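Student: Could you walk me through this structure? I am new to it and would like to take it one piece at a time.

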Amino acid sequence: MEIKKAIFLIMFLSLVLAPALTQASSLVLHYPDIILYNGKVVTVDKNFNIAQAVAIRDGKFLVVGKNADIQALIGPNTKKIDLKGKTVLPGLIDSHNHMEEAGEALYKVPLGKAKTVAEALTLIKEWAAKTKPGEWIRGGGWHPLAQLQEKRYLTRWEIDSVAPDNPVFLPTVGHFVMCNSYAMRLAGITKDTPNPPGGEIQRDPMTGEPNGVFAEAAIPLVSNVVPPWPFDLRVKMYKDAMQIFNSGGLTSVVVGVTDPESFKIYQHIWDKREATMRVSLMYCPTGEAIPAESLEEWKRIIRGIGCYSDFGDDWLSFSGIKLIVDGGMTLRTAYMRDPYPHDTTYYGSLLIPPERLNKLVAICNRYNWRVGIHCVGDAAIDKVLDAYEYANKDKSIAGRRFILIHASLMQLDQMERAKKLGVRVDLQNDFMWDKAATVERFLGKEKANRACPTRWMIDHMGIGSIGAGTDYPVNTYNPFINMYVMVTRKDKNGVVYGANQAITRQEALRLYTNGSAAYSFKEDVKGSIEPGKLADLVVISNDILTCPEESIKDIKPVTTIVGGKIVYESK
Ligand SMILES: [Zn+2]
C-alpha cells in the first residue's frame, strides 16, 4: 500500500467511521501494531531505497517511508521503537545450514574448541565423567583436519583411553565419523566387515583392524545404532536453535538435510505456532542424501511422499530433494577435473555414479520434486549439470530453480550452462573464513583463490539466481562474518584469497535477502522491506553500508523481528 493511501484510509476511518463506532477496539484494528522510526532502513528493494521508518501490522510491513509519514499512523496501542539512528536490514536468510545442530550442540561434547588431539581427548574424558556407564556420548560438528594441530582424526584406541565405559560417536562436519571400540561392538563392526559401496571403514595399515574412522556411506553402519533423542527434547533443541539463529539476525533458513523424523519435529513446532524462524527444508525421504535404494524403490518413495516441492506456507515448506555427489574442499574429497597436487592419480570422491544420479534426479523431476545437490569440485558440478540436463530432456525443469548446493569450485563454463538451465547456486563464502588455508593445502593456491567465485557467479548468472548461506555447523552462522568474507575475500588471519572475486556490500546484502528468498520461491513475500511483505527485519549495531570494511565482521544484531514479533533483543 502506498503511504498516501494508507494515510487516507486512516483519516477516512477516523473522520467518517469513528464517530459511528463506539467500540474503540474496532478502530484499533487499523493502526500499526508496531512502528520503528528515526533510523536508516535499508530496504534492499529493487532500487536499494533507504527509508527512515516502517510501520507493521498483522505481521506485514504496512508503510515504509519518512518519520513523519509513519508517526502519523500511530494509534493508542501501537508499540513505538526509536531506532536512534541505527540501521535496519530485511531479515537475513541463510540458504544452506544445519540449524538444528545449534540446539543439539548443548547436548554434545563441545569438540569445536579443541586445538590438539590431547585437548579433544580431555573434553571427551570430562564429558564421560558426567555420563553414566553405558550411555552414549556424542560429539558436535567439528573439523579435526582443519582445527587440530595434528591434522588427523582420533582413533578408537585413543577414545577408548578416555571413555572405555561408554559408546562414543563423534561425527565431523558431515562426511567422516569417529567412534570407540564400545560403539563398534554395538554396531557389530569387526576386522571382517567389508567397506560398503561408496564408503570406507578406515583400517590400521599394519594389522588391518578398523581404526574407528568411518567415511561417507560407511557412516550409517555406526550411526544406525546410535539411539535417537527423545521427541520432546528434540522439539526443545530445535526451538533453541531457532532462537540462537535469531540472535544472529536471521529470520529464515533453508535447512540442508532433513529426514522424516526431523520433519515431524518441525511440523510439531509449526503446528503449535511456536516457530521464531521461517524454515524451508531440503528433504531426504529415505533419511540419507546418498540413497542406497534401487531405482524402483526410489520411484515408489518419491511418488509416495504425496506432495511435491515447495509445498508449505511462509513458516514451513519443503524446498526439494537433497542429494550429495562429492565430498568437500576442506576434506580433500571434492571431486575435481584436475588431479590433486602431490598425487596425480587422485581426483577426489564421486559418491553417486553418474548414470544412477541421472535417473535419481529424473525420477524426482517426474514427480514434480526439484532437486538440490551438494557438489563442491568442478567435476562433481559437471555431473550434476549433466543430471539436470538429462532430467530436463525427460520433463522441462525451466523455471523450477534446481539447485547447485555449495558449487565452491564452479568454473565459468559451468555458470553459462547453469544459467541456460535456470539452475541456481547457493554458496557459503564463510568456508574461506577459517578453512581457507586448509583449502590451499589440499588444492593449491590457484584453486583456493577461485574458491567461492562470487563475482563471476553474479556477473554470469545474475544476482537473483544466487543465495548466501553458511553450512553451519561446518562454519559460523554469523552472517556479518560471511558478508565480510564476500566483500574483502580475507580469511580470519587477514590473508586475501582471490581479490578479483570480491563483491560490494550491496551485493552481499542482496545475496542474504532477495537471492536467498528466491530459493524457496518467496521473493515476492520476503527478502526486502516493502509494504505488503512479511515483517522480518534486523536492527544492527553499525551501518553495514558505511562502516569501515574491517568493522563489518563485528556488526551485532540489536533486535530481530519475525512476522512483526520481536524474537531477539540484545542485552
Ligand atoms: Zn551442508
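**A first look at the protein**

Tutor: Let us begin with threonine 438, which lies in helix H17, residues 436-443; helices (H or I, at least four residues) and strands (E, at least two) are DSSP runs, numbered from the N terminus. This is a predicted model, in which local features need pLDDT of at least 70 and side-chain atom pairs count only at pLDDT 80 or more, while totals for chains, interfaces and linings use all residues. Residues are numbered from 1 along each chain as its sequence is written, and side-chain values use heavy atoms, with hydrogens and water left out.

Student: Is threonine 438 buried or exposed?

Tutor: Threonine 438 counts as buried because its relative accessibility is 5%, where buried means under 20% relative accessible area, exposed over 50%, and partly exposed in between (1.4 Å probe, protein chains only).

Student: And what does threonine 438 touch?

Tutor: Not counting residues up to four places away in sequence, threonine 438 touches Ala146 and Thr330, with contact meaning heavy atoms within 4.5 Å.

Student: OK, zooming out, how many helices and strands does the protein have?

Tutor: The protein has 21 helices and 23 strands. Its C-alpha atoms fill a box of roughly 90 × 55 × 50 Å, taken along the principal axes.

Student: What is the radius of gyration, and what would a compact globule have?

Tutor: The protein has a radius of gyration of 25 Å, which agrees with the value near 25 Å that a compact globule of 571 residues would have. The radius is taken over C-alpha atoms, and the globule rule is 2.2 Å times the number of residues to the power 0.38.

Student: How much of the protein counts as buried?

Tutor: Of the 571 residues, 57% count as buried. As for contacts with a separation of 6 or more, residues 24 or more positions apart account for 73% of them.

Student: Which residues touch the most other members in the largest nonpolar core?

Tutor: That core has 135 residues, and Leu154, Met329, Tyr388 and Leu404 touch the most other members. A nonpolar core here is a set of buried Ala, Val, Leu, Ile, Met, Phe, Trp, Tyr and Cys residues joined through side-chain atoms within 4.5 Å. The largest share of this core, eight residues, comes from helix H14, residues 378-394. A second, separate core has 16 residues, including Ile56, Ile529, Ala535 and Ile561.

Student: What does leucine 404 touch?

Tutor: Setting aside residues up to four places away in sequence, the contacts of leucine 404 include Ile373, Ile381, Leu385, Tyr388, Met410 and Val425, and also Arg424 and Asp426.

Student: Back to helix H14, then. What is aspartate 382 in contact with?

Tutor: Aspartate 382 has its place in helix H14 and counts as buried, at 17% relative accessibility. Apart from neighbours within four places in sequence, aspartate 382 is in contact with Arg337, Gln414 and Arg417.

Student: Where is glycine 372 found?

Tutor: Glycine 372 is found in strand E17, residues 371-375, and is buried, with a relative accessible area of 0%. Leaving aside neighbours within four places in sequence, glycine 372 is in contact with Met282, Ile321, Lys322, Leu323, Tyr388, Ile403 and Ile405. The C-alpha atoms of glycine 372 and tyrosine 283 are separated by 9.4 Å, although these residues are 89 residues apart along the chain.

Student: Now a loop, please. Where is the place of aspartate 471?

Tutor: Aspartate 471 is in the loop between strand E20 (466-468) and helix H20 (479-488), and is buried, with a relative accessible area of 6%. Not counting residues up to four places away in sequence, aspartate 471 touches His96, Asn97, His98, His406, Gln428 and Phe431. Its C-alpha atom is separated by 8.7 Å from that of aspartate 94, 377 residues apart along the chain.

Student: What about valine 225: where does it lie?

Tutor: Valine 225 lies in the loop between helix H9 (219-223) and helix H10 (231-246), and counts as partly exposed, at 31% relative accessibility. Leaving aside neighbours within four places in sequence, valine 225 is in contact with Trp136, Leu186 and Ala187.
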